[in-house]
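Hello,

Here is the structure I said I would pass on. Please look through it first; my notes follow below.

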Amino acid sequence: MKRIAWVLLLLLWGAGPARAQERRALRAGWFIQSSAKAGTDGAKISSAAYKATGWFRATVPSTVVGTLVEDGVYKNPFFAMNLRQLPGMTYKIGANFVHTAMDPSSPYAVPWWYRTSFRVPAAVRGRRLTLHFDGINYRANIWLNGRRLADSTQIAGTYRRYELDITDALKHAGANVLAVEIFAPTPADLQTTWVDWSPSPPDKDMGIWQPVWLVRSGDVVIRYPQVISRVDTATLRSAELTVGANLRNLTPHAVTGTLRGRIGSVAFSRKVTVPANDSAYVSFSSDSFPRLRFANPRLWWPLELGRPELYRLGMTFVVGGAVSDTQSVRFGIREVTSEFVGPRKVRLLRVNGRRIVVRGGGWAPDMFFRPQPERQDAQLRYALDMHLNTIRLEGNYEDDRFFERTDSLGILVMTGWVCCEAFEEWKKWGPEQHAVAEASARDQILRLRHRASVLVWLNGSDGPPPAEVEKSYLAVEEQYHWPNPTISSASANPAEFSGNSGVKMTGPYDWVPPSYWLQDSTHGGAWGYNTETSPGAAPPPIESMRHMIPAADIRLPLDSMWLYHAAGGQFTHLLDRFDTAMVARYGAPADVEAYTAKSQLMTYEGERAMFEAYRRNKYNSTGVIQWMFNNAWPSIYWHLFDWYLRPGGGYFGTKVANEPVHVMYSYDDRSIAVVSAARTAVRGVRLRARVLGLDASEKFARDTILDVPADSSLRLFLLPEPAGISGAYFVDLRLTGADGRPISSNFYWLSTRPDVLADTSTWYMTPVKAYADLTALGGMPAAALRVSATSTRSSATGVTRVTLRNPGKTIAFFNRLQVTRGRAGDEVLPVFWQDNYVSLLPGETRTITARYSLKDLGGARPAVVVSGWNVKRAVAR
């Protein structure tokens with residue numbers, strides 16, 4: 001093992017003078033142990049003579065409890081209420097643990113040690129070696145070879161990043177031993193928290209939660225290169241670039257050298273003197289370096305506006321003809337701007353001068369912050385598949401890889417601080433909190449400022465900081481050259497210093513009927529920029545519930561086992577309103593299978609209606625963030641797909657609503673609308689709208705030919721009230737191109753007795769005075785679909801094409817398709833369906849494609865399972 005580490009270091013730190021990234025991740029080979037067993041003598045623990053007997057194997061990044069889970073000490077904490085059985089889980093169910101001090105008996109009330117060792121090859125001698133921690137939660141003493149490098153007054157803050165020059169502490173012969181004593185956060189600390197999204201683990205995620213690096217360099221290092229773009233938004237044919245980077249001198253004497261940069265064939269340089277033990281920001285503007293005026297640049301665009309083109313910036317600092325350091329980053333030529341529009345002064349964002357409606361979801365990483373690159377990729381691909389252009393991060397950040405992926409995929413990221421803990425308890429702050437807050441802002445601004453995908457930074461979450469704190473944040477953002485808009489908070493509350501935020505977070509977070517989004521004009525409805533909102537609970541399909549809940553609890557009524565996987569705080573009984581609406585609108589479910597099936601119907605119509613409303617009302621509505629996009633653990637609320645990566649009704653309602661050119665029904669005025677995010681007009685489009693009875697009888701039909709302008713929202717005509725129907729009926733909308741190819745298809749189930757909202761709202765919901773009557777759907781006659789499927793493979797991807805044909809006279813309603821591992825196997829996940837939960841009219845045939853990774857078949861032959869509201873389960877191969 002030592003021989004392998006030596007060879008790896010030689011490969012990574014070869015003697016060549018122009019290597020772009022001379023760094024090594026300290027990922028494997030760690031061990032952890034409680035100080036209750038190992039003691040607190042850092043000098044002893046960080047010595048080569050110390051024997052780490054009985055310690056637990058770890059990788060970094062990791063939290064303490066996450067490591068113990070991976071080591072098998074704690075079994076399957078995400079199943080049932082197993083998490084609650086972990087030692088230290090003494091806080092009240094549903095409470096936000098961040099506000100409670102750990103019980104003194106908790107094994108995490110004392111510090112825990114992380115320990116590893118590494119060797120330094122001869123090639124590193126004569127060079128500087130720095131040790132980088134990208135994230136420690138929360139405090140730490142850091143020891144190397146018996147020497148304390150930093151103590152817990154210096155190492156404090158979840159969102160801090162640390163760089164320690166360890167050159168003088170190294171051993172060039174034998175092993176270097178690194179030991180980190182970590183303390184969990186207390187209620188007064190500026191930390192991460194899961195709020196009411198999920199339970200918190202008993203260690204409060206203490207640990208080294210972001211990567212650790214060894215970096216080799218000369219005396220002067222380059223840090224955080226960036227490119228700021230000013231795009232000619234009128235023509236998009238030119239851009240002026242300003243290149244900047246921080247230089248840090250690791251020596252006690254001034255150093256003079258040359259900073260060189262290159263973007264493709266464009267090179268630039270300047271002579272720089274960096275003071276002793278100090279830093280300097282060096283910039284190259286297009287005024288001084290005309291070659292930084294780019295003609296016809298390849299612009300970076302987010303989803304639907306164009307390609308996310310990236311360039312590479314390389315920078316080198318040379319002293320006396322020798323390379324001291326090199327850095328290389330990818331960047332996009334793009335400019336994000338912000339303005340207030342309309343009588344309500346709502347915030348509108350532009351990329352390269354083009355207006356955008358933010359459509360996204362709130363992201364949750366793994367509860368234990370375990371690196372999961374394949375899972376991360378799948379979830380980002382799900383965002384693209386649903387046509388979402390934005391991810392919101394509220395404090396619980398992902399690693400740098402996440403931002404590399406969003407840069408390359410064209411997914412925007414809005415980010416900032418977390419709510420509901422010390423970050424927003426400004427009146428309680430002392431000198432340490434002020435210092436940690438400012439340092440945390442600095443470290444995150446430096447980390448993110450070069451990222452093409454980062455859209456905005458929020459200086460507050462549920463409310464704006466007081467003037468003193470906001471001014472300090474804004475000063476940091478100016479000093480460290482933040483290129484994008486900043487927003488005081490995610491709420492509409494005006495800030496003492498900066499005033500109007502231009503955004504809102506007025507809910508709802510609980511179930512509301514589909515009509516809410518176009519009818520509400522005072523709270524969460526489709527106006528303005530809603531930074532977090534949701535139609536509420538999202539019980540997943542029955543297969544996921546069987547993974548999450550013991551078989552004995554898969555029954556009605558739902559018990560505490562289910563509710564433990566619901567939300568916290570106000571939403572501990574989130575399902576109450578959801579279940580009430582289900583029974584009133586669709587009828588009581590006969591069993592859990594029926595309950596989860598009706599849940600997909602409700603989440604489909606809820607998510608579809610929300611996103612449709614914000615799209616129809618653009619640019620009076622300028623953004624909406626679904627709370628949430630995903631979950632940190634298996635949950636039955638606030639997601640568009642569940643922990644097992646199983647897309648349910650809400651996923652496909654979102655996907656349909658956000659398709660680039662979309663036909664929709666308006667719940668407020670019964671109008672039929674067409675919305676387009678396309679960059680060019682679509683001409684000669686045919687719209688067919690029909691009102692159908694449950695027996696498929698046609699009550700109304702209208703055909704229209706129209707041109708759909710680019711980036712538009714058109715309300716075309718009103719649907720009449722259906723004659724001769726009492727209760728449920730359908731609306732079928734089809735949009736086809738001039739060439740006859742389908743563009744958009746949308747199928748609604750409505751009632752002649754609509755949902756009626758109450759006249760008042762709370763911050764999280766609007767009550768319903770009367771529910772729509774859709775119970776007749778339960779009496780639809782059975783339909784028989786004919787199903788066939790063919791499966792092929794392309795490289796590592798499997799492709800299954802499913803043909804559905806409805807030969808009868810009954811509508812086949814809300815049919816779910818699955819690709820499984822053989823006829824009786826589990827569903828293949830993740831999976832990317834062209835469409836799902838589809839309805840077929842009598843005589844209709846549809847072919848729908850699914851794509852997935854072949855390795856997820858586990859060697860089995862793919863099968864297709866189809867089941868529907870009034871269609872019996874069928875299997876095809």
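What is the strand order of the open sheet of 4 strands? The order is S34-S33-S36-S37, and the pairing is antiparallel. Strands here are DSSP runs of E with at least two residues, and helices are runs of H or I with at least four, both numbered from the N terminus. Two strands count as paired if DSSP finds at least two bridges between them. At the edges of this sheet are S34 (698-708) and S37 (742-751), each of which pairs on one side only.

This is a predicted model: local features need pLDDT of at least 70, side-chain atom pairs count only at pLDDT 80 or more, and totals for chains, interfaces and linings use all residues. Residues are numbered from 1 along each chain as its sequence is written, and side-chain values use heavy atoms, leaving out hydrogens and water.

Within the sheet, S37 pairs with S36 (residues 728-736) in the antiparallel sense over 9 bridges.

S27 pairs in the parallel sense with S26 (residues 412-416) over 4 bridges, and with S28 (residues 486-487) over 2 bridges. Trp457 is the bridge partner of Thr415 and also of Thr486 in S28.

Regards
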